Amino acid sequence: MSATDTSAAPETARALDTPFEIGGVDFVSRLIVGTGKYETNEIMMDAIRASAAEMVTVAVRRVDLDRTKEEAILHHLSPDEFFLLANTAGCYNAEDAIRYARLARAAGFNDFVKLEVIGDEATLLPDVHATLEAARTLASEGFKVMAYTNDDLITALRLEDAGCVAVMPLASPIGSGLGVVNPYFIREIKRRLEVPVIVDAGVGTASDACVTMEQGVDGILMNTALAAADDPVRMAHAMRQATIAGRLAYLAGRMPSREIAVPSSPTEGMLD
Amino acid sequence: MTTETIQVRLNGRDREVERGHSVLSLLESLELHPATVVVELNREILGRDRYPEHDVEDGDTIELVHFVGGG
């Protein structure tokens with residue numbers, strides 16, 4: 001194995017980390033990726049494979065009946081290779097989100113849904129009241145709800161009470177690439193919840209993913225950071241390794257930081 | 001000879017289709033693979049096993065959806 005052998009990274013994760021469970025399904029990769037906004041399906045698939053993600057998000061939309069030769073995403077993204085997580089992106093109220101979730105489940109792959117109810121077009125911040133309402137209904141219908149939410153602890157606790165199998169606070173607004181703007185609240189949510197906490201949205205580059213995972217969360221979900229990079233495949237490699245690095249650094253427990261220098265080499269035994 | 005048609009609303013557009021289509025034959029006429037499309041008929045999801053037997057009726061509102069790229 002050479003020092004640049006990137007394939008070592010997932011093996012390291014397997015050896016030094018444990019799989020994590022969402023709604024009864026085990027995942028080794030703590031990185032979940034989206035499938036939106038890629039220039040071509042080929043680049044998308046190469047990036048997804050480079051990310052080593054096992055869970056991949058998709059959206060539910062009308063079939064374009066005027067299409068010439070557009071291919072359905074499942075033509076590229078095999079449900080046998082990836083765990084498909086359908087989202088309710090684009091929904092602005094609970095009723096629509098529930099409708100999209102039911103349509104997604106009728107596709108017949110699994111009972112999971114990434115619940116997303118947007119409250120404001122400019123910031124794409126979630127409508128937490130509508131998200132809670134939809135989460136309760138969907139959980140009662142047997143859905144395994146992974147709820148996108150803001151970084152508010154109380155909402156996160158209510159979503160857990162509503163029966164969500166994972167709570168997904170944002171790092172910063174969708175597509176912003178600003179990274180984790182409030183690491184303290186992310187840590188606090190992780191400390192207080194029993195269900196997995198996955199940071200969803202706002203990560204821009206590898207250091208953001210690393211810092212996110214260093215907060216102790218269970219996983220991270222990203223789309224634009226890969227799709228909008230100049231080289232999405234290279235960025236996907238970087239994100240895979242940054243996610244593992246941040247996770248392992250969290251598990252390792254960092255040294256205390258202090259604003260004073262302390263020598264690493266012995267001060268004894270110096271020559272006269 | 002004229003073929004008898006009915007009026008439906010299909011994915012947000014008014015459209016004339018031949019009378020006598022099942023949901024399955026409608027999908028086939030649109031060159032859609034039934035296994036990759038979810039059908040919502042008058043706001044109710046139609047199970048895939050019912051596509052062959054369920055007839056498309058005049059005035060139906062039909063939504064045909066599938067998975068696309070998204071985050």
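User: What makes residues of chain A and chain B count as touching, and how many are in contact?
Analyst: The test is C-beta atoms, placed from the backbone, within 7 Å of each other. By that test, 25 residues of chain A are in contact with 17 residues of chain B. Bear in mind that this is a predicted model, where local features need pLDDT of at least 70 and side-chain atom pairs count only at pLDDT 80 or more, while totals for chains, interfaces and linings use all residues. As for labels, residues are numbered from 1 along each chain as its sequence is written, and chains are lettered from A and ligands numbered from 1 in the order in which they are written.

User: Which elements of chain A make up the side that touches chain B?
Analyst: Those giving two or more residues are β4 (55-62), β5 (83-87) and α3 of chain A. β4(A) gives the most, with six residues. The names come from DSSP runs numbered from the N terminus: helices are H or I with at least four residues, strands are E with at least two. By class, this side of chain A has 15 nonpolar, seven polar and three charged residues. Here Ala, Val, Leu, Ile, Met, Phe, Trp, Tyr, Cys and Pro are nonpolar, Asp, Glu, Lys and Arg are charged, and the others, Gly among them, are polar.

User: Why is E63(B) called buried?
Analyst: The cut-off is 20 or more other C-beta atoms within 10 Å of a residue's own, with the C-beta atoms placed from the backbone (12 or fewer is exposed, in between is partly exposed). E63(B) has 20 such neighbours, so it counts as buried. E63(B) sits in strand β5 (residues 61-69) of chain B. Not counting residues up to four places away in sequence, E63(B) touches R62(A), N11(B) and E40(B). Its C-alpha atom is 9.7 Å from that of E44(B), which is 19 residues apart along the chain.

User: And what makes Y148(A) buried?
Analyst: Y148(A) has 27 other C-beta atoms within 10 Å, so it qualifies as buried. Y148(A) belongs to strand β7 (residues 144-149) of chain A. Leaving aside neighbours within four places in sequence, its contacts are K114(A), L115(A), E116(A), P126(A), M168(A) and D200(A). With M168(A), 20 residues apart along the chain, the C-alpha separation is 4.6 Å.

User: How do you know that the span of α3(A) agrees with what a helix should give?
Analyst: The expected span is 1.5 Å times one less than the number of residues. For the 13 residues of α3(A) (residues 94-106) that should be 18 Å, and the end C-alpha atoms are 18 Å apart, so the two agree. Buried in α3(A) are A94(A), A97(A), I98(A), Y100(A), A101(A), L103(A), A104(A) and R105(A). After the helix comes G108(A), with a positive phi near 95°.

User: Why are α3(A) and α4(A) called oblique?
Analyst: Two packed helices are described by the angle between their axes and the distance between the axes. Axes are lines fitted to C-alpha atoms, for helices over the stretch in contact, and angles run from 0 to 180 degrees between N-to-C directions. Under 35 degrees is roughly parallel, over 145 roughly antiparallel, 65 to 115 roughly perpendicular, and the rest oblique. The axes of α3(A) and α4(A) (residues 128-140) cross at roughly 40° and come within 9 Å. The pair is therefore oblique. On the α3(A) side A94(A), A97(A), I98(A) and A101(A) meet A130(A), E133(A), A134(A), T137(A) and L138(A) in α4(A). That contact has seven nonpolar, one polar and one charged residues.

User: What makes α7(A) roughly parallel to α9(A)?
Analyst: The axes of α7(A) and α9(A) cross at roughly 30° and come within 7 Å. That angle makes α7(A) roughly parallel to α9(A). The residues of this contact divide into 11 nonpolar, four polar and two charged. Cover for the buried residues of α7(A) includes α9 (232-252), as well as β9 (198-200) and β10 (219-222) of chain A. The buried residues of α7(A) (residues 206-214) are D208(A), A209(A), C210(A), T212(A), M213(A) and E214(A). Following α7(A) is G216(A), with a positive phi near 95°.

User: Why do α5(A) and α6(A) get the label roughly parallel?
Analyst: Their axes cross at roughly 30° and come within 9 Å, with α5(A) at residues 153-161 and α6(A) at residues 183-192. That angle is what makes α5(A) roughly parallel to α6(A). L153(A), A156(A) and L157(A) in α5(A) meet F185(A), E188(A), I189(A) and R192(A) in α6(A). The class count there is five nonpolar, no polar and two charged.

Notes: Contact = placed C-beta atoms within 7 Å.
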